[in-house]
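Thanks for coming. I will talk about how two parts of one chain meet. Please look at the picture first.

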Amino acid sequence: MSNKIQTLSGYIHEYAKSVQDPEHFWSRIADSFHWQKRWDSVVEWNFKGPDVKWFTNAKLNITENIFERHLYTLGDKPAIIWEPNNPDEDVRTITYKELYAQVCQFSNVLKAKGVSKGDRVIIYMPMVPEAAVAMLACARIGAVHSVVFAGFSATSLADRINDCKAKMVLTSDGNFRGSKKIAVKEVVDEAIERTESIEKVIVLRRTGQDVNMKSGRDIWWHEAVEGVSTENKAEIVDSEDMLFILYTSGSTGKPKGVVHTCGGYMVYTTYTFQNVFQYSQGDVYWCTADVGWITGHSYIVYGPLLAGATTLMFEGVPTYPDAGRFWAICDKHKVNQFYTAPTAIRALQAYGTEPIEPYKLDSLRVIGTVGEPINEEAWHWYHDHIGKGKCPIVDTWWQTETGGIMISPIAGVTPTKPSYATLPLPGIQLAILDNDGKELTGNSVEGNLCVKFPWPSMLRTTYGDHERCRQTYFSSFKGYYFTGDGVKRDEDGYYRILGRVDDVINVSGHRMGTAEVENAINEHPKVIESAVVGYPHDIKGQGIYAYVICDMEGRSEANLIEEIRQTVTKIIGPIAKPDKIQIVPGLPKTRSGKIMRRILRKIATGETANMGDTSTLLNPEVVEEIIEGAQ
Ligand code: WTA
C-alpha cells in the first residue's frame, strides 16, 4: 500500500514524476508485484502501428499476484462477499484461501476439458462468485476469457463466439434478476447452433430450472469439479500475453473485441483501485456493476483482489425487493466504498428519499460513479442523501479500451466539483485537440479528448483486426489515442466530460453504436431504412430514438413499432431496445446520400426552432414531415 497518495501535494508531486520519468515511475509501482522474471524495459511504444508493450519480456501470472502473494497475510480474510438476488437467501463469504482453492480446482477442470494456454473461453454467467472463479481460472492457465453480459441475445453471443473462435462456454441454467428468472442456458444453446468452435459447455446450477444438456458437450459445474484437486501450479505467461477480450460497441456496426494483456493491466488496475477509492485493509468495497462490463473486470474482480481487498458482489437489481435494496446492502455489510452508475442514482432518486430513511449509511466513506456524465442534480442528491455530505464523490472517467480509471478525484485528496471528473491520475497525459488536430493548451478550452503517452492498461489491439484498432483510435489525430469523447478543461484545469462526439450513444451507462441498432432494426422484413440517434433521457442519460422507413402495407403502425422493438431485443438484447420509434416517410439526406444525423438529433431533442440550413439536402421537404410526427 506504499503507493497510496494521501495529500494533494502528494498527488501533484507523483503526477509530475510520472510525466518526467514514466519508466522510473511505473517500474517503482510494478516492483510491488510478484514477477517470475523481471522486465527488460518498462515500455516500448509507438501510436502509429499502434504497437505498445509494457514490462517487456517479464513473466508472471496475475492470479499468483492475487493468491500466492497474499495468502500468508490475508488468507483468512474475505475476498468476496456475495449478496444474492433474494435477500432471504444466504450470503456467501469466501476467504482468499477458499477462493484460491476454488480457482485452482476450476483451473484443473478447464485443463482436463481441453482448454490450454491461449484458448478463448466465453463466460456468460450471472453475478455469482463462480463468475469470478471462472475468470481467474482462465487467467491461471493462461487461457483468454471473454465475458459476455448475460443480457445479450443469442445472436450477439454467437457473433462474439465466432469472432474469437471460443472453445468453451461457461454458463448457468438460469439467472435470477429481481422477480424474474431468465433462461440463460436456452440462449447459449441457440447461440451455439450458429457457431462451430465450441467443444464443451460447463453449466452452473443456479435457478434449478429445467435445461437441455447435450450429451458429450454439456457438463454440470458441480459434477465437473467433483473430486478434482484444489492445487494447481499457475501457468507462467508473458507480460504481453492476452488476459482477456471484451467486446464493446463502436461507431461501426459490429462490436469489437478489445484486447487487454497481463502485466500492464495488473499494475494499473491495482494502482488506480488503491488510490481512487483509498481502500484500507479491513474495508468492504462494493461496485454494483456486472462482470460483463469492463467496470466489473477491473473494479469488482482484478483491481480489488490484486489489492487484497474484500469485494462485494451483488446478484440482483437496485429495485428488488424495493428501491432501498442498495442502501440495505450497504448497512448489512458495512460497506465503506460504494461505486455505481449515474443512471442507477437517477433511477433511485425518482423514488424520493423515503426508501433511504430506514438506513444509516454510516459506514460509507467514499462514493463513486462511472459510465456516463453525472448531471449536477444527481451529483448533489448522491452527495447529500447517500454520502450524507461527508463522503467524497469520485466521478471516474474511463473506457473499456483504457482498462482502468483515467480521470478521477483521488478520494479525500482531490477537491471535487459537481459533474467534473477533475484531474488525470498519475501517468495519464491528456491532450485536448480541436477538429483540425491542433492541441489546445492552457485552461478554459473545449475539444476532443486524447491521450498522448501510453499507460499500462491501454488496449493493445482489437481481436483479429489490428487495422480496425488503428483506424478507430489512432488515425483521427496522428500520434494520439482518441477517446471518442468531448471534454472541457475549465479555468482551474479541471476536466468535465461532455459525452461522445462519435456515433456512439450511452444508454444507462452502456455503450451502443447507432449503426449496430440500425442493423438490428433493418432485420425486420418490413423495414426499408432506419436512422438511430441519442436524445437526453431523464433516467438513462441518453435514450435511443429510431426513425424508420417501413413498407406499411397491411400493417398498423402500432404493431410494426412493437415488432421492431422485439426484433432489436432478439438481435442485440433488451438494453438496445429503442425508447422511441417514429415511422417516417423518408430520411434527410445530403446529395451524396449521407443521412444528416445532425438534423435527426435536433428533432429528437425537440430543438426544432433552429434547424440550420436544410436547403442543400436532397429532400428538404421531409424535415417538416418528420418534425410533425415527432414524439
Ligand atoms: C462514458 C465504462 C462521463 C464516456 C468504464 C466513455 C463517462 C464511455 C464517464 C466508456 C464519466 C465513462 N463521465 N462519461 N465518469 N465514464 N463515460 O467502455 O463516453 O462502457 O467514452 O467504459 O462512457 O464506456 P465503457
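The protein chain is split into domain 1, residues 8-413 + 427-470, and domain 2, residues 504-630; these bounds come from an automatic or database domain assignment. This is a predicted model, in which local features need pLDDT of at least 70 and side-chain atom pairs count only at pLDDT 80 or more, while totals for chains, interfaces and linings use all residues. Residues are numbered from 1 along each chain as its sequence is written, and side-chain values use heavy atoms, with hydrogens and water left out.

Now the contact. Domain 1 gives 25 residues to it and domain 2 gives 22 residues, where contact means heavy atoms within 4.5 Å. The C-alpha centres of the two domains are 33 Å apart.

How much area is buried between domain 1 and domain 2? About 1,700 Å², with 48% of that from carbon and sulfur atoms. Buried area is the accessible area (1.4 Å probe) that two parts lose on being put together, summed over both.

Next, charges. Two salt bridges are counted between domain 1 and domain 2. A salt bridge is a side-chain nitrogen of Lys or Arg within 4 Å of a carboxyl oxygen of Asp or Glu. Glu190 and Lys570 form a salt bridge through their side chains, at 3.3 Å from N to O.

On the side of domain 1 that touches domain 2, α7 (154-164) and α13 (342-349) each supply at least two residues. The largest share, three residues, is from α13. Helices here are DSSP runs (H or I, at least four residues), numbered from the N terminus.
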